[in-house]
Every structure is written in C-alpha cells, then in structure tokens.
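Dear colleague,

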Amino acid sequence: MKYLDIESLRNLNSRLSFPTSSGDRHVLGRVESYSCKVAGADKKLYRLLEQKHQEDLEEAKGLSPEQSSLTNTFSPFGPLTQSASRKTLFYLLATLNASFPDYDFSSVPADRFTKEPSPDSAIKSINNTLVNVGSPATLRVVRMWDSIDEIINIDECSVYSYTPDDESNHYEDENPVWSFNYSSSTRTSSASCFSPAAASAT
C-alpha cells in the first residue's frame with residue numbers, strides 16, 4: 001500500500017489530538033489515505049493469504065458434506081471462495097500493516113471485520129464520539145467529512161470496522177478507555193483507495 005500525503009488530512013489530523021472536555025483523558029485520532037499500489041511486502045501478504053485459502057480447501061476435502069458446509073467461510077466481504085472477497089480482506093490487512101507498522105495483522109481472520117450498514121452509520125458513530133469527548137469544532141471548523149469526501153467520495157464507499165482480539169490489539173500498550181478503527185474502500189476504473197480512521201482515548 002502506498003501512503004498518500006494529503007495536506008487536507010494533515011490539517012485534519014492536527015485537530016484530532018486533543019484533551020477531553022473533562023481534562024483527564026487525551027484523544028489520539030488520525031485519518032490516512034492509501035492507494036492500492038501493491039508493494040513488495042503486500043505481494044508477500046497476498047501470497048500468504050492465497051496459500052492459506054488453498055490449505056483450507058484441501059482440509060475441507062476430507063470432511064463430510066455437513067462439516068464442509070460449516071467451513072464454507074462467509075465473511076463481511078462475501079464468501080471467501082470468491083477471489084474478490086479475499087482481495088478485499090487482503091487490502092484491509094495491508095492497510096492495517098501500513099498504518100501500524102509496529103504490528104503484524106497478517107493472521108487476522110475475516111470475522112474481526114464488520115461491514116457497516118452504510119457510510120452514514122459510521123459517520124454518525126464517529127460524530128457522536130467526537131461530540132461526547134468535547135471536540136465538536138473538529139466537525140465544524142475543519143469540515144472533516146468534506147475533507148474526506150473530496151478524497152474518497154464517501155457515498156461510493158464500503159465501510160468496515162475492525163475489532164481486534166486481546167492478542168492483536170494495537171492499542172493495548174496504551175491502555176485506552178476506548179478505541180475504534182474504520183476503513184473505507186472505494187474503486188474507480190483507474191484507482192482504488194483505502195482510508196483508515198482510528199482513534200483512542202488514553
């Protein structure tokens with residue numbers, strides 16, 4: 001994944017680090033944009049995921065029809081027997097690896113992701129969080145969603161949330177009170193873009 005250095009997001013991120021209204025916590029948030037240009041490490045990850053898929057298929061051959069149906073993995077992206085579904089998982093994992101380079105998300109299973117009903121549902125959740133912790137100005141002054149929409153065209157996006165388990169929680173060292181991670185994807189004929197949004201309160 002190639003990180004896209006965009007001035008409007010840099011300005012936005014400068015507003016996403018602030019003390020809560022109570023003053024006893026600090027919010028650390030950021031929004032980043034990545035192209036889907038596959039680099040060396042990404043190719044290795046893609047081969048790893050495809051190899052695991054083939055191994056799962058071989059293992060399923062030795063199961064009864066009833067057992068095999070239980071292993072026909074469905075995911076928030078669709079059946080993982082479909083190449084497009086596996087590619088979406090790959091892009092999400094590659095984005096997490098790029099966004100949090102000190103962690104390895106290669107083995108994160110598909111069921112750790114949830115497809116949001118719509119972009120609006122994720123927007124409302126993030127807006128409510130920012131207002132509740134005392135930063136409504138971020139939404140108003142820097143036109144946060146306008147800035148993001150100019151980059152990825154929100155209405156054309158699919159949005160996924162990521163919920164880590166205890167072993168793969170990249171915020172664990174910070175001991176946050178809460179955290180959230182969203183990633184949106186949009187595709188055009190010429191480009192793809194995954195933009196993660198993450199925040200935690202410590």
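Tyr-103 is partly exposed, at a relative accessible area of 28%, whereas Phe-105 is buried, at 1%. Here buried means under 20% relative accessible area, exposed over 50% and partly exposed in between, with a 1.4 Å probe and protein chains only.

The model is predicted: local features need pLDDT of at least 70 and side-chain atom pairs count only at pLDDT 80 or more, while totals for chains, interfaces and linings use all residues. Residues are numbered from 1 along each chain as its sequence is written, and side-chain values use heavy atoms, with hydrogens and water left out.

The structure contains nine aromatic pairs. The ring centres of Tyr-103 and Phe-105 are 6.5 Å apart and the planes lie at 45 degrees, so this pair is tilted. Rings of Phe, Tyr and Trp (its six-membered ring) pair if their centres lie within 6.5 Å; planes under 30 degrees apart count as stacked, over 60 as edge-to-face and the rest as tilted. Ring pairs also join Tyr-103 and Phe-105 into a cluster with Phe-77, Phe-100, Phe-113, Tyr-160 and Tyr-162.

Over the ring of Phe-100 sits the charged end of Arg-30, 4.5 Å from the ring centre. The criterion is NZ of Lys or CZ of Arg within 6 Å of the ring centre and within 35 degrees of the ring normal.

Ile-6 is partly exposed, with a relative accessible area of 22%. Beyond its neighbours within four places in sequence, Ile-6 is in contact (heavy atoms within 4.5 Å) with Ser-33 and Ile-151. Ile-6 and Ser-33 are 27 residues apart in sequence, and their C-alpha atoms are 7.9 Å apart in space.

Yours sincerely
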